[in-house]
Amino acid sequence: MTSRAASRPRPVGTVTRGTTNPNRLRRMDRWIAAVHGAELRRATDPVAVDLGYGAAPWTAVELLRRLRTAAPRTRVVGVEIEPARVAAALPYEREGLVFRHGGFEIPVPGRPALIRAANVLRQYDEDEAAAVWERLCARLAPASDRSRGGLLVEGTCDEIGRRHVWVALGPEGPRTVTFAARLGSLDRPSDLAERLPKALIHRNVPGEPVHAFLRDFDRAWAAAAPYASYGARQRWIRAVRDLGTDWPVRDGAARWRQGEVTVAWEALAPRG
Ligand SMILES: C[S@@+](CC[C@H](N)C(=O)[O-])C[C@H]1O[C@@H](n2cnc3c(N)ncnc32)[C@H](O)[C@@H]1O
C-alpha cells in the first residue's frame with residue numbers, strides 16, 4: 001500500500017543552501033506592507049507565502065508580524081522544499097502561521113495574495129528563472145475590478161539585509177524593480193549590482209538597460225555629493241530625484257527616505 005506521503009507528487013524545484021538570518025528581510029517586508037497592505041486588507045482570505053524560508057523560520061515569523069501591522073487578518077504559510085527544515089520550523093507555528101513541505105507548485109489551497117521568494121532563485125540557472133516566474137505568477141490571486149491581484153516579490157540580499165534588490169510581479173508579469181540599502185554601507189549605488197535578482201544579474205553589462213541605469217545612478221550620486229554633509233539619506237533623495245528625470249521612478253520621497261527606489265520593470269528588462 002502506498003503511504004499518503006509517497007503518493008504525493010514531488011515538490012517542484014531543488015534543495016539549495018538554507019542560509020538565513022533574523023531580520024534579514026526587514027526592508028522587503030516593510031516595502032510589501034507599504035505597497036501591498038491595501039490589497040491584503042481587501043482580500044477575503046489574505047494568504048502570504050514565504051517560499052524557501054531556509055534553515056530556520058525567522059523570515060516567515062517576521063513576515064507575519066510586519067504584514068499584520070498593515071493587514072491584521074493576514075496569514076503566512078512558510079513553504080520549504082527541504083523536509084528537515086519544515087520539521088525544524090513546526091514548533092514555531094502559531095495563530096496565522098503554518099509551515100508546509102513543497103516547492104514552486106505552492107502547496108496551499110486557492111490563490112495566495114502574496115508569494116515572497118527571497119534568496120531562492122539566486123541558486124538556480126538564469127534560463128530557469130523565467131519559467132519559475134511564470135509558474136509562480138499563475139498561482140497568484142487573479143486581478144478583478146476591485147483588485148490588481150496577488151503579488152510575487154522575488155529578490156536577493158546580503159547576509160544581514162543591508163543591500164537588497166527585488167522584482168515585484170503581478171498575475172500579468174513583472175511590474176517593478178526595487179533597490180534598497182542601508183545607505184551608510186554604500187560607496188555608490190552600483191554596489192547593489194552584486195544583489196541583482198537572477199533575471200538581471202547577468203545583464204549588468206554594457207548595452208543592457210540595467211547597466212545604463214546603474215551607471216546613471218552612480219552619476220547622479222556623484223553629482224549629489226554636496227548633499228552628503230546633510231547625511232547619506234539626503235544625498236540619496238537628491239540622486240533619486242535627478243535619476244527620475246530620465247528613468248521611470250515609480251515611488252516618492254517617503255520611500256526614498258528609507259534608502260529605496262522603485263523603477264518600472266520595462267525600463268530595466270533585459271534586451272532580447
Ligand atoms: C538561501 S535560503 C533563503 C532563506 C530565506 N528566504 C532568506 O532569504 O533568508 C534558500 C532556501 O530556499 C529553499 N528552496 C530552494 N528552491 C525551493 C523551491 N523550489 N521551493 C521551496 N523552497 C526552495 C532552499 O531549500 C533553501 O532553504
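A residue counts as near a molecule if one of its heavy atoms lies within 4 Å of it. Everything here comes from a predicted model, where local features need pLDDT of at least 70, side-chain atom pairs count only at pLDDT 80 or more, and totals for chains, interfaces and linings use all residues. Numbering starts from 1 along each chain as its sequence is written, and side-chain values use heavy atoms, with hydrogens and water left out.

**View 1. Around the ligand.** By that cut-off, 26 residues surround the ligand, and the closest are Thr20, Gly52, Glu80, Arg85 and Tyr124. For polar contacts, look for pairs of N or O atoms within 3.5 Å. Tyr124 puts a polar side-chain atom 2.6 Å from a ligand nitrogen atom. Arg24 also comes in with a polar side-chain atom, 2.8 Å from an oxygen atom of the ligand. With Thr14 it's a backbone N or O atom, 3.1 Å from a nitrogen atom of the ligand.

**View 2. Helix α2 against helix α3.** Helices here are DSSP runs (H or I, at least four residues), and strands are E runs of at least two, numbered from the N terminus. The axes of α2 (residues 26–42) and α3 (residues 58–70) come within 8 Å and cross at roughly 45°; axes are lines fitted to C-alpha atoms over the stretch in contact, with angles from 0 to 180 degrees between N-to-C directions. That makes α2 oblique to α3, oblique being whatever is left after under 35 degrees (roughly parallel), over 145 (roughly antiparallel) and 65 to 115 (roughly perpendicular). In α2, Arg26, Asp29, Arg30, Ile32, Ala33, Gly37, Leu40 and Arg41 meet Glu62, Leu63, Arg66, Leu67 and Ala70 of α3, contact meaning heavy atoms within 4.5 Å. Sorted by class, this contact has six nonpolar, one polar and six charged residues.

**View 3. Helix α7 against helix α8.** Here α7 (residues 209–223) and α8 (residues 232–243) have axes that come within 8 Å and cross at roughly 125°. So α7 is oblique to α8. Residues of α7 including Phe213, Phe217 and Trp221 meet a set in α8, among them Trp236, Val240 and Leu243. The class tally for this contact is 10 nonpolar, no polar and three charged residues.

**View 4. The loop at Glu82.** Glu82 sits in the loop between β2 (75–80) and α4 (83–89). Leaving aside neighbours within four places in sequence, Glu82 touches Val15 and His101. Glu82 and Gly54 are 28 residues apart in sequence, yet 8.4 Å apart in space, C-alpha to C-alpha.

Definitions and conventions. Nonpolar A, V, L, I, M, F, W, Y, C, P; charged D, E, K, R; others polar. Polar contact = N/O pair within 3.5 Å; in protein donor to acceptor, adjacent residues only side chain to side chain.
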